[in-house]
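Here are my notes on this model, as numbered points. Please read them alongside the structure.

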Amino acid sequence: MNWGTKIVLGMIAFMLFIIAMVVYMFSVHGNDALVDEDYYEKGINYDQSYNATRNMMIDKMEPVITITKSQIIIKLKDSASYALKLVRPATQKDDILKKGVTLTESHIISIDRLNRAAGLWYLELNWSSNGKKYLFKSSLSL
């Protein structure tokens with residue numbers, strides 16, 4: 001085998017490697033939890049989320065979060081309708097999106113913790129109570 005054949009085989013091997021990497025990158029697209037699909041909409045609506053976070057601080061409406069072995073309990077000060085987003089940075093498959101109203105007179109939101117992966121999770125809780133909107137963001141370690 002002469003040097004010309006070796007160069008051609010090396011170029012073919014390199015091209016196959018590049019093609020394999022492109023196919024792999026397209027196959028894992030969409031599984032990354034750190035990339036938001038609606039990034040620009042969130043940028044446009046930043047004032048609304050800022051005001052909701054400010055309302056939470058001014059009205060002292062920060063929720064109390066209790067983590068037990070079987071569930072995550074979030075207690076609010078007043079009854080509210082909420083939208084909860086619990087995100088695991090490792091994969092989007094484990095994300096929890098939940099909407100509803102608080103339970104009982106204690107104003108509790110309960111999330112089942114069984115079969116949830118241990119590690120870092122991000123919590124985003126939007127709720128409205130008494131005509132005001134509130135936003136709470138936090139990281140949790142399960």
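1. Ser129 is buried, because its relative accessible area of 2% is under the 20% limit. The residue belongs to strand E6. In this predicted model, the Ser129 side chain comes to 3.1 Å from the backbone oxygen of Ser79. Beyond its neighbours within four places in sequence, Ser129 is in contact with Asp78, Ser79, Ala80 and Tyr134.

2. His107 sits in the loop between strand E4 (96–101) and E5. Is His107 buried or exposed? His107 is buried, because its relative accessible area is 17% and the limit is 20%. Its contacts, leaving aside neighbours within four places in sequence, are Ile74, Lys75, Leu76, Lys77, Asp78, Ser79 and Thr102.

3. Next, the nonpolar core. The largest one has 20 residues, and those with the most contacts inside it are Ile74, Leu84, Leu86, Leu125 and Trp127. Two or more residues each come from strands E2 (71–75), E3 (81–87), E5 (108–112), E6 (120–129) and E7 (132–141). Strand E6 gives the largest share, four residues.

4. Leu125 shows which parts of the chain meet around one of these core residues. With neighbours within four places in sequence set aside, Leu125 is in contact with Pro63, Ile74, Leu76, Tyr82, Ala83, Leu84, Ile109, Tyr134, Leu135 and Phe136. Two of these contacts, Ile74 and Leu84, are themselves listed with Leu125 among the residues with the most contacts inside the core.

5. How many aromatic pairs does a search of the whole structure find? The search finds two. In one of them, the ring centres of Trp127 and Tyr134 are 5.4 Å apart and the planes are at 25°, so the pair is stacked. The cut-off that decides this is an angle under 30 degrees. Both partners are away from solvent by the accessibility criterion: Trp127 is buried at 3% relative accessibility, and Tyr134 is buried at 5%.

6. Asn55 is in helix H3 (residues 46–58), 79 residues from Tyr134 in sequence, yet the two C-alpha atoms are 6.0 Å apart.

7. Side chains of opposite charge can pair when their charged atoms come close. The side chains of Asp59 and Lys132 form one of the bridges, at 3.0 Å from N to O. This pair links distant parts of the chain: Asp59 is in the loop between H3 and strand E1 (64–67), Lys132 is in strand E7, and 73 residues separate them. Asp59 is partly exposed, with a relative accessible area of 29%, and Lys132 is partly exposed as well, at 35%.

8. The other bridge joins the side chains of Asp94 and Arg88, at 2.9 Å from N to O. Here the partners fall into separate accessibility classes. Asp94 is partly exposed, with a relative accessible area of 25%, whereas Arg88 counts as buried at 19%. The value for Arg88 is under the 20% limit, so the residue is placed in the buried class.

9. Lys60 has a phi near 55°, which is positive although the residue is not glycine. Lys60 is in the loop between H3 and E1 and is exposed, with a relative accessible area of 63%. Asn130, also not a glycine, has a positive phi near 55°. Asn130 is in the loop between E6 and E7 and is exposed, at 67% relative accessible area.

10. Last, confidence. The protein chain has an average pLDDT of 87, and 94% of the residues score at least 70. Which element has the lowest mean pLDDT, and which the highest? Helix H2 (residues 39–44) has the lowest, at 82, and helix H1 (residues 3–27) the highest, at 93. Where pLDDT is low, the predicted coordinates should not be read in detail.

Terms used: Residues numbered from 1 in each chain as written. Predicted model: local features only at pLDDT ≥ 70, side-chain atom pairs only at ≥ 80, totals over all residues. Heavy atoms only, no water. pLDDT = per-residue confidence, 0-100. Core = buried A, V, L, I, M, F, W, Y, C linked by side-chain atoms within 4.5 Å. Buried < 20%, exposed > 50% of the residue type's maximum accessible area, 1.4 Å probe, protein only. Contact = heavy atoms within 4.5 Å. Phe/Tyr/Trp six-rings, centres within 6.5 Å; stacked < 30°, edge-to-face > 60°. Salt bridge = Lys/Arg side-chain N within 4 Å of Asp/Glu carboxyl O. Polar contact = N/O pair within 3.5 Å; in protein donor to acceptor, adjacent residues only side chain to side chain.
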